[in-house]
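Hi there,

Here is the structure I promised to pass on. Have a look at it first, and my notes follow below.

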Amino acid sequence: MAVLQDRESSKESLLTAQSSLVAAQDQGETADDLLDAGVDEDLDDAQALNDTSLTFAKKAFIAVAVVFMFFLSFMLGKYSMTPLEVCSVALGFIPKWFGYLGAAFPDPAAIMQVISLDVPMDTPERVLFKIRLPRILVVMLVGAALAIAGASYQGMFKNPLTSPDLLGASTGASFGACLALLLSLSGEYVQLFAFIGGMVAVGLAVWLNKMVDYDPTLGLVLAGILVSTLFQSGMSLIKLVADADDKLPSITFWLMGSFASINWADFLMCLLPMVFGFVLLVSQSWKLNVLSFGDEEARSMGVNTRLTRLVVIFASTLVTSISVAVAGVVGWIGLVIPHLARAIVGPNYKVLLPTSMFVGAAYLLIVDNMARLLASVEIPIGILTAILGVPFFIIIFRRNMKGWS
């Protein structure tokens, strides 16, 4: 009886296999095709796993590079320090600083004095904590801000040649700073005027696009060109009427960009607005992925394209205006770095935007260290970013068109 049951089971299995083969043959497939399909699926799974591992390795390398450049920047400069000296000074000063903070409590004025590092310090401590640390942090923030703004604009406009100053943010901020310098205002007001100028310029471009009621993307580009031309003319007028012996050199030097005068007040001024802008842009990353398929497809998936564009424009303008306000005009970061990040991790904006931030921070640290070391006087950062950016962009752009075609 058991033998008969086994025979019946074998017949059923054979019939099932034959029917599967006949169905595959009816569809133009053979047994070898079925086997190849199974192998292809396994290969696809293995390739996906390998891509994931490779992407993780690239992210880890970028993170290590940023940390390495952060610590290396403490050692470089006219007052050079060895790694052992940096560690010794840092470990020696930090307990002293907490002691000053405890002694200042609960007087708010004394606490703010300690927080701003207005405490007794020797020369290595002053170089490390009052000069280099705030400068390094601001350089990293500016590099990250310009890079993520450029990547967001390139995704929103679906154009690889887009940069953060497309809508006039840099030009408007430069005009505001030049106006403040012409009026002989202090450094804080120069930064304030620069920030207001950048926001006003982009707001004017958005308003012009709305008034014309043209294609939303092309209209913004055209409005940005008009606004940039207007503010460039204003800067030329300011240079014309500025005192050639006093104010004109200050205006010219400011427009070339520099981190030489960065202090803790500059860092605290730009920290919160930039973090807010970073959070806004990263939160829109999946919507930028959807926008890459076109507005109609994005709307069909429930994305408010107009609101998304306004959020991206506002956040990008915020971080760009603050960057120009604290450092002057630093070009090419927002154009070059997104392409470098795209070559590393691909076109997925959920990964591309954070990667652009880290790569931009590391790249601008490298350029700033070169500006401090290449000559007896510090080279304006805008000059170096342009000199390095042009060949760098040509190499990257020629080898990486992934995601644009």
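The secondary structure consists of 16 helices and zero strands; helices (H or I, at least four residues) and strands (E, at least two) are DSSP runs, numbered from the N terminus. Please keep in mind that this is a predicted model, where local features need pLDDT of at least 70 and side-chain atom pairs count only at pLDDT 80 or more, while totals for chains, interfaces and linings use all residues. Residues are numbered from 1 along each chain as its sequence is written, and side-chain values use heavy atoms, with hydrogens and water left out.

Of the chain's 405 residues, 44% are buried (under 20% relative accessible area, with exposed meaning over 50% and partly exposed in between; 1.4 Å probe, protein chains only). Among contacts (heavy atoms within 4.5 Å) with a separation of 6 or more, 76% link residues 24 or more positions apart.

The largest nonpolar core has 85 residues; such a core is a set of buried Ala, Val, Leu, Ile, Met, Phe, Trp, Tyr and Cys residues joined through side-chain atoms within 4.5 Å. Its largest share, 19 residues, comes from helix α5 (residues 123-157). F259 and F278 have the most contacts inside this core. Beyond its neighbours within four places in sequence, F259 touches several residues, including R135, V138, L364 and I381.

In α4 (residues 108-115), A110, I111 and V114 are buried. They lie on the same side of the helix because they cover an arc of only 100 degrees around the axis, taken from the directions from the helix axis to the C-beta atoms. These buried residues pack against α3 (83-104), whereas P108, A109 and M112 are exposed on the other side.

Two backbone angles may interest you too. Most residues other than glycine have a negative phi, and most peptide bonds are trans. L117, in the loop between α4 and α5, has a positive phi of about 65 degrees and is buried at 6% relative accessibility. K158, in the loop between α5 and α6 (169-182), has a positive phi of about 55 degrees, but at 40% relative accessibility K158 is partly exposed.

Best wishes
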